[in-house]
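Colleague: Could you walk me through this model in plain terms, as I am new to reading structures?

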Amino acid sequence: MTVPSPEPGPVRRTAVLTGASRGLGRVVAGLLAGEGYDLIVVAREPAPLAELAQHARRFGGEVVEVVGDVSDRRTRNEVRARTGRWGGLDLLVNNASELGPSPLPPLLQLSMDSLDRVFRVNVAAPLALVQELAPALARRRGLVVNVSSDAARGGYPGWGAYGASKAALDLVSLTLAHELEAAGIAVVAVDPGDMRTAMHQAAYPGQDISDRPLPDVTLPFWAWLLGRPHAEVTGQRYLAQSDHWGAGR
Amino acid sequence: MSARSYEFDRPRGLEARAPPESRGLARDEVRFLVTDDGGSTHHRFRELPDLLAPGDLLVVNASATLPASLPVRGDAGEFLLNVSTQYGDAVWLAEPRFGVGSPGPVPLDPAAPLSSGAVQFHPIGPFPGIERLWFFRADGSVPAAMTERGRPIRYGYVDEAYPLAAYQTVFSRVPGSAEMPSAGRPFSARVLDALRDRGVGVAEVLLHTGVSSLESEAGGAELPPVYPEPFDVPRETAERIRATREARHRVIAVGTTVLRALETAWDGCRVAPRSGFTRLVLGPGRPVRSVDGLVTGFHDPRTSHLALLFGLAGEERVRTAYSEAVERRYLWHEFGDSHLLWRPGAG
C-alpha cells in the first residue's frame, strides 16, 4: 500500500510589520491580511495588538503577535525566531517610530537621551531587523519598506530629532537598496504624508488635527506598491499621498 | 471647492440611451459643439478635420474596453461586480452593484468571498472615502472570467445591453479599461483619413479607466475623491507634443483620460515620458498646461470632469457653452454628442 504524500499547499506570502497596532500600521496590517499574507505583527502594547490580530485573522491567514519594543534585541530575536518556521520572508515593513518628547522641543532644548532613543528606534532598529531577516528575505527575493516622513526633508521647528532620524533612515534605505540588489532584496522608503494619528496628535498636543486625513488615505498606495515588480521600485522614495506613483523613469 | 460650485441645471432626458448607430447615425455623425474665443458653433463630428489646422496634434487613448461587469454570487445573493482597476497580480478594485440600474452598497464581509464561475473574490476593505468601491483579492484568472462571463459595464440610463464592440473606439488597442474612453468613439476611418490629408497628427497615450458609477457621483457636499488609474505617456508621444508646441501648433487631448495622463506627465515645462498610476485632480486650483484643446463628451453637474473643464477653459466659457448645449438638446454620456473646447487664446 502506498501512502500518498501530503499535497503541498500553495506557498503563502509572509510579512513582518512593526508598529502594527495603531495608525498607519493598523491600515497596512489589514491590507496585508486581506491580500492573503501570513503576518508577524509587532507592537509595544498588548491590548491593541491583540485586537488588531483578531481583526486580521478574519481573513483566514496566520497572525503571530510579538509584544515588545523594536529597539530591544529580545523583541527582534523573537521576530527572527518566529520567521524561522516560514520558508522565507516576502515583506518587512519597518513602521514603528519614536516621535520624541511631546510637545516637540526645539533642538536647543532636546535631551541627548531623547535624541538617542529616537535614533535607536527609527534608524538602528529598522537596520537591525534588516540585518537579522536578510537571509529569510533573500530566500523570497523580498521587499523592505522603511516608513519615512516629510519631516526628513522639512526642517520644521520641533521636528529636528524625528526629522533627522528619518533622513538617516532614507539614506539607510537607499544604501541598502544598492547593497542588497545582488541578493535580490528590494528596499523602498515611503513618506505616508500628513495623517490624523496618535503620533501626529502627540506632536501637536491639544491642537485640532481633524483637517488631516485618516491613515487609510494611504491604503491605495500600499495596494499599488505591493503589486509592483520589486526591481521597478527598489531604491525609490515614495510619497503615498502624491498625484503620481511610478518608477520615475 | 465644494460640489455646489459645479452645479448646473441639466434637464432629464438628455442622456443618450443608445449608441448613435441604433438612432440611425454613423458614429461620426453625432453632433459636435465647438467652443472657442468667439463662442460656440454647431457641427457634426465628421467636420473635425476642417476645424483643425495643419500641424495640430490629436492625442488619443489607446486603451480598449474590457467586459468588466461580472455576475457574482455571495451572501447578499446574485448581483454584479464591476471590476475597475488591477493593483497587483491578485488585487483588484471593484464595485459590487445589485444591478445595472441599482447601485450598492452591497453588504460585504471579509469572511464571505464572492464567486464568479471559477474565480473567487475575497473582500479586503473599502476604498478610503469611496464606500461603494472595495479592494478584492482574486483567486483565479479575472481576465478569463471576463472573457467567459463578463459584459460591458452599463448604467440604468442605457436602454439595453450592447455588444462589447459598441464600447470600443478606432483607437482601442490595449485592453484594460473598465469603461470606454468615450471621447474617441465618434472617430471613424473616414475622419482619420481626412485628418491625415489635412496634416493633423495623431499620437497615443494609455490610461485604463476605472468605473465611473455615474449615479453615485453626484450627491455629497464635496466632489468625491478620485482613485488612481494606470497610465503611460510613451517617449514618442512626449516628443511629438514637444515638437508640435515648438512649431506653435496646437495639441488637443481626446478625452479627459488623455488630459489626466498628459498633466501627470507634465514636468513643469513640458510633457515628459512617464508611466505609473495617477491620482491627479484637475480643476481651477490646478489648471491645465499641457494642451490647447479638449475633445470630450458632455459631463454631469457636480463631477470632477466638470471641474477639469473649468481648469482648462475657465468657468464662464464652460457655463456659457453648457447652457447652449442644454438649450439645443445635445446628448450626454458615452453614446452622446461631442464637444471641442479650446482654452482661451488657442482656438
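## Talking through the model

Modeller: Let me begin with chain B, where the C-alpha centres of domain 1 and domain 2 lie 28 Å apart; please keep in mind throughout that this is a predicted model.

Colleague: Which residues belong to domain 1 and domain 2 of chain B?

Modeller: The domain assignment gives residues 3-65 together with 163-342 as domain 1 of chain B, and residues 69-149 as domain 2 of chain B.

Colleague: And how many residues of domain 1 of chain B are in contact with domain 2 of chain B?

Modeller: There are 10 residues of domain 1 of chain B in contact with 12 residues of domain 2 of chain B. On the domain 1 side of that contact, the residues divide by class into five nonpolar, three polar and two charged.

Colleague: Stepping back, how many helices and strands are in chain B?

Modeller: Chain B has eight helices and 17 strands, and its C-alpha trace spans about 60 × 45 × 40 Å along the principal axes. A compact globule of 347 residues would have a radius of gyration near 20 Å, and chain B, with 20 Å, agrees with that.

Colleague: What percentage of the residues in chain B is buried?

Modeller: Of the 347 residues in chain B, 52% are buried. If you look at contacts in chain B between residues at least 6 apart in sequence, 74% of them join residues at least 24 apart.

Colleague: New topic: how many residues of chain B are in contact with chain A?

Modeller: On that side, 23 residues of chain B are in contact with 21 residues of chain A. The elements of chain B that give two or more residues to this side are β9 (119-127), β10 (130-139) and β15 (274-278), and the largest share, five residues, comes from β15(B). By class, the side of chain B that touches chain A has 13 nonpolar, six polar and four charged residues.

Colleague: Which strand of chain A is joined to β15(B), and how do the two run?

Modeller: Strand β8 of chain A, residues 244-245, is joined to β15(B) by two bridges, and the two strands run antiparallel. Within this pairing, W245(A) stands opposite F277(B).

Colleague: Which strand of chain B pairs with β15(B)?

Modeller: Strand β13 of chain B, residues 229-233, pairs with β15(B) in the antiparallel sense over five bridges, and there S275(B) is the bridge partner of D232(B).

Colleague: Why is β15(B) described as largely enclosed?

Modeller: Five of the five residues of β15(B) are buried, so the strand is largely enclosed by the rest of the structure.

Colleague: Now chain A: what is the order of the strands in its open sheet of seven?

Modeller: The order in chain A is β3-β2-β1-β4-β5-β6-β7, with parallel pairing. The edge strands, each pairing on one side only, are β3 (63-67) and β7 (237-239) of chain A, and the twist from one strand to the next averages 15 degrees.

Colleague: Over how many bridges do β1 and β2 of chain A pair?

Modeller: Strand β1 (residues 14-18) and strand β2 (residues 38-43) of chain A pair in the parallel sense over five bridges, with L17(A) standing opposite V41(A).

Colleague: Which strands of chain A does helix α1 of chain A touch?

Modeller: Helix α1 of chain A, residues 23-34, packs on the sheet and touches β1, β2, β3, β4 (91-94) and β5 (143-147) of chain A, and its direction makes about 170 degrees with that of β1(A). Helix α4 of chain A, residues 112-139, also packs on the sheet, touching β1, β4 and β5 of chain A, with its direction at about 175 degrees to that of β4(A).

Definitions and conventions. Residues numbered from 1 in each chain as written. Chains lettered and ligands numbered in written order. Predicted model: local features only at pLDDT ≥ 70, side-chain atom pairs only at ≥ 80, totals over all residues. Helix = DSSP H or I, 4+ residues; strand = E, 2+ residues; numbered from the N terminus. Rg over C-alpha atoms; globule rule 2.2 N^0.38 Å. Buried ≥ 20, exposed ≤ 12 C-beta atoms within 10 Å, placed from the backbone. Contact = placed C-beta atoms within 7 Å. Nonpolar A, V, L, I, M, F, W, Y, C, P; charged D, E, K, R; others polar. Pairing = 2+ DSSP bridges. Axes fitted to C-alpha atoms, helices over the stretch in contact; angles between N-to-C directions. Domains from an automatic or database assignment.
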